[in-house]
Amino acid sequence: MSKLLASAAFGALILGAASASAADLAARPYTKAPPAAVATVFDWSGFYIGINGGWAQSHDRRVFDPTATLIGSYDANGGTIGGQVGYRWQSAGWVFGLEAQGNWADISGSRAALVLPPPGDTVRSKMDAFGLFTGQVGYAWNNVLLYVKGGAAITDRNYQFLTAGAVTSQTGYNTRLGGTVGAGLEFSFAQNWSLGVEYDHIFENRHSATFTTPGGVALAGFSTGGDTDMILGRLNYRFGGPVVARY
């Protein structure tokens with residue numbers, strides 16, 4: 001009996017010591033889970049307005065059609081500046097848009113005529129304005145957008161013949177409708193601002209032209225004109241909300 005009591009007392013002593021040791025242990029500290037990573041994704045959706053400027057080259061090929069005589073073929077070069085307004089909407093990485101652009105231009109050139117028929121010995125042309133009305137399809141890598149565009153173009157040009165520097169006959173400024181295609185790369189450097197570079201080609205095939213002398217005499221039978229290529233720098237401001245946060 002005494003041995004049983006001694007064993008029970010020894011067991012109770014061991015359990016008491018273990019409980020005291022457990023009580024002495026510090027409580028496990030609480031640690032907050034780290035926040036989930038947040039990726040900011042730029043959204044190109046919204047209305048935008050901007051300015052552009054650059055360099056353009058326009059071709060002219062002047063022919064007297066009744067005899068198929070080439071009078072002169074040359075490139076007119078110069079600068080252009082203007083503005084654009086448009087709207088884009090984004091679905092996943094794809095970006096779609098519509099844009100209207102209008103530019104003033106000083107794209108001019110001339111060359112000596114290959115033949116010297118009346119009314120002059122120099123051919124010259126000048127484009128003073130153009131407009132582009134296009135749709136866009138692009139793909140965005142966050143704040144970088146690559147796109148192509150296409151639509152309608154309107155140009156305003158004057159074709160002339162000159163003798164000794166004086167205009168002997170001209171078409172006057174006439175407005176023509178054509179097509180355009182282009183491509184661009186745009187980079188958003190702030191929440192609503194973006195910079196870009198764009199190439200555009202305007203299709204303006206040669207067309208029949210009647211030249212009028214200062215005395216009012218009409219000279220028909222000519223064809224003139226050609227396509228235009230340009231490189232433009234662009235700065236846009238987009239009206240829209242902040243970038244989208246994705247977890």
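Modeller: Let me start with E198 and R234, which are both buried; buried means under 20% relative accessible area, exposed means over 50%, and partly exposed is in between, with a 1.4 Å probe and protein chains only. Please keep in mind that this is a predicted model, in which local features need pLDDT of at least 70 and side-chain atom pairs count only at pLDDT 80 or more, while totals for chains, interfaces and linings use all residues. Residues are numbered from 1 along each chain as its sequence is written, and side-chain values use heavy atoms, with hydrogens and water left out.

The side chains of E198 and R234 form a salt bridge, with 3.4 Å from N to O. This pair ties together distant parts of the chain, 36 residues apart: E198 is in strand 9 (residues 193-203) and R234 in strand 12 (residues 228-239). Strands here are DSSP runs of E with at least two residues, numbered from the N terminus. A salt bridge means a side-chain nitrogen of Lys or Arg within 4 Å of a carboxyl oxygen of Asp or Glu. Side chains of opposite charge can pair when their charged atoms come close.

E198 and R234 also belong to a network of salt bridges that takes in E99, K149 and D200. By the same rule, the count of salt bridges comes to nine. Another salt bridge joins the side chains of E186 and R88, at 2.9 Å from N to O. That pair links distant parts of the chain too, with E186 in strand 8 (residues 174-188) and R88 in strand 3 (residues 69-91), 98 residues apart. Both E186 and R88 are buried.

Two or more of its residues come from each of strand 5 (122-141), strand 6 (144-163) and strand 9. The largest contribution, three residues, is from strand 5.

Finally, look at N142, in the loop between strand 5 and strand 6: its phi is positive, about 60°, although N142 is not a glycine.

Notes
Helix = DSSP H or I, 4+ residues; strand = E, 2+ residues; numbered from the N terminus.
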